[in-house]
Amino acid sequence: MTEILVRAEGLQKVFGKDMVAVDDVSFTVARGQSLAVVGESGSGKTTVARMLLGLETPTGGTISVCGRVRRGRAGSAERRRRAREIQIVFQDPYSSLDPLQHIGDVIETGLALHFPLTATERRTRALELLEAVGLTERHAVMLPRQLSGGQRQRVAIARAIAVEPKVLVLDEAVAALDVSIQAQILNLLADIRERTGISYVFISHDLAVVNQISDTAIVMAAGRVIERGPTAELLRAPQEDYTKALLAAVPRPGWKPRRRTPSPSGSPAGTP
Ligand SMILES: Nc1ncnc2c1ncn2[C@@H]1O[C@H](COP(=O)(O)OP(=O)(O)OP(=O)(O)O)[C@@H](O)[C@H]1O
């Protein structure tokens with residue numbers, strides 16, 4: 001039987017007195033599955049992501065991750081344990097990277113928090129992780145501002161996978177990138193999922209992108225799930241007018257994945 005890693009049931013978030021951001025949202029994510037959460041701006045996607053990470057407390061419903069129910073913010077030991085279960089990559093990694101911290105140290109800091117490694121082991125592992133996302137030793141000594149947007153997003157992905165989480169939430173993680181760079185990051189994410197069996201919750205307003213990265217999708221409007229199903233099916237024959245409108249707004253036929261030729265290290269060729 002497939003192991004369910006994330007289970008959201010009747011999730012609700014009301015801000016203030018009556019700002020209903022998320023209303024009765026339910027979904028599951030199985031091991032190795034990639035679930036897309038689709039919807040236009042303000043539909044409640046980020047609030048769902050923040051509740052999954054424990055950054056917001058639901059006002060109703062429950063979330064369990066790896067079989068344990070999460071109840072809002074936690075103390076430091078519990079936070080560390082949760083971090084091993086679920087990680088997030090945001091749209092703009094620049095804002096979550098310390099401008100004065102070298103890239104190698106960004107990765108090492110996460111490793112130090114979670115694994116009892118010697119300094120040498122940490123450095124070696126950090127370089128392995130950077131290689132796994134298509135970066136090199138050269139990038140390890142750089143600062144965030146010396147990298148391109150695509151490279152910074154690779155660092156954010158390396159930092160997230162460094163702690164070997166079971167689930168990775170990607171919140172508009174490729175939205176700020178050029179289409180060609182998006183394609184490379186999506187390929188990288190597909191490689192990582194293939195290699196590690198990690199699950200994704202892929203949040204996006206862009207159905208062309210979602211088509212390439214997810215098996216199933218939920219469509220959100222005004223805080224509610226209005227349609228759900230296998231992504232391909234949902235895109236081929238959307239039932240709801242809202243989904244049809246989202247689909248009609250997609251300005252391009254969609255990115256076609258290139259054939260991936262396995263390289264010895266498993267890392268992609270380009271490093272945008
Ligand atoms: N802390 C908050 N306080 C009050 N209202 C909030 C808060 N966070 C989000 N909201 C509101 O909840 C609704 C859903 O926001 P959310 O950011 O989850 O949507 P989204 O689909 O992720 O949109 P976007 O992609 O633009 O971030 C919006 O109307 C937003 O203004």
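Analyst: What follows goes through the sheet strand by strand, then turns to the helix on it and to the ligand.

The model is predicted. The sheet is open and has 4 strands, in the order E2-E1-E4-E5, with antiparallel pairing. Because E2 and strand E5 (68-69) each have a single partner strand, they stand at the edges, and one side of each is left without a neighbour in the sheet. Strands of a sheet pair through backbone hydrogen bonds, either parallel or antiparallel.

Start with E2 and its partner. Strand E1, residues 4-15, pairs with E2 in the antiparallel sense over 8 bridges. Phe15 stands opposite Met19 in E2. The hairpin of E1 and E2 has 3 residues between the strands, and in it Gly16 takes a positive phi near 60°.

E1 also pairs with strand E4, residues 60-65, in the antiparallel sense, here over 5 bridges. In this pair, Val6 stands opposite Val65 in E4. Val65 has a bridge partner in E5 as well, namely Arg68. The pairing of E4 with E5 is antiparallel and runs over 2 bridges.

Next comes the helix on the sheet. H1 packs there and touches E1, E2 and E4, and its direction makes about 120° with that of E1.

Around the ligand are Phe15, Met19, Ala21, Gly39, Ser41, Gly42, Ser43, Gly44, Lys45, Thr46 and Thr47. Strand E2 (19-30) and helix H1 (45-53) are the elements that give two or more residues to this shell. The largest share, 3 residues, comes from H1. By class, the shell divides into 3 nonpolar, 7 polar and 1 charged residues.

Helix H7 (residues 149-162) and helix H8 (residues 179-196) pack at an angle of about 15°, with their axes 10 Å apart. H7 is therefore roughly parallel to H8, and passes H8 in a right-handed crossing. On the H7 side the contact is made by Gly150, Gln153, Arg154, Ile157 and Ile161, and on the H8 side by Ile181, Gln184, Ile185, Leu188 and Ile192. This contact has 6 nonpolar, 3 polar and 1 charged residues.

Key. Residues are numbered from 1 along each chain as its sequence is written. This is a predicted model: local features need pLDDT of at least 70, side-chain atom pairs count only at pLDDT 80 or more; totals for chains, interfaces and linings use all residues. A residue is near a molecule or strand if its C-beta atom, placed from the backbone, lies within 6 Å of it. Ala, Val, Leu, Ile, Met, Phe, Trp, Tyr, Cys and Pro count as nonpolar, Asp, Glu, Lys and Arg as charged, and the others, Gly among them, as polar. Axes are lines fitted to C-alpha atoms, for helices over the stretch in contact, and angles run from 0 to 180 degrees between N-to-C directions. Angles under 35 degrees count as roughly parallel, over 145 as roughly antiparallel, 65 to 115 as roughly perpendicular and the rest as oblique. A crossing is left-handed if the near helix is turned anticlockwise from the far one by less than a right angle, and right-handed if clockwise. Two residues are in contact if their C-beta atoms, placed from the backbone, lie within 7 Å. Two strands pair if DSSP finds at least two bridges between them.
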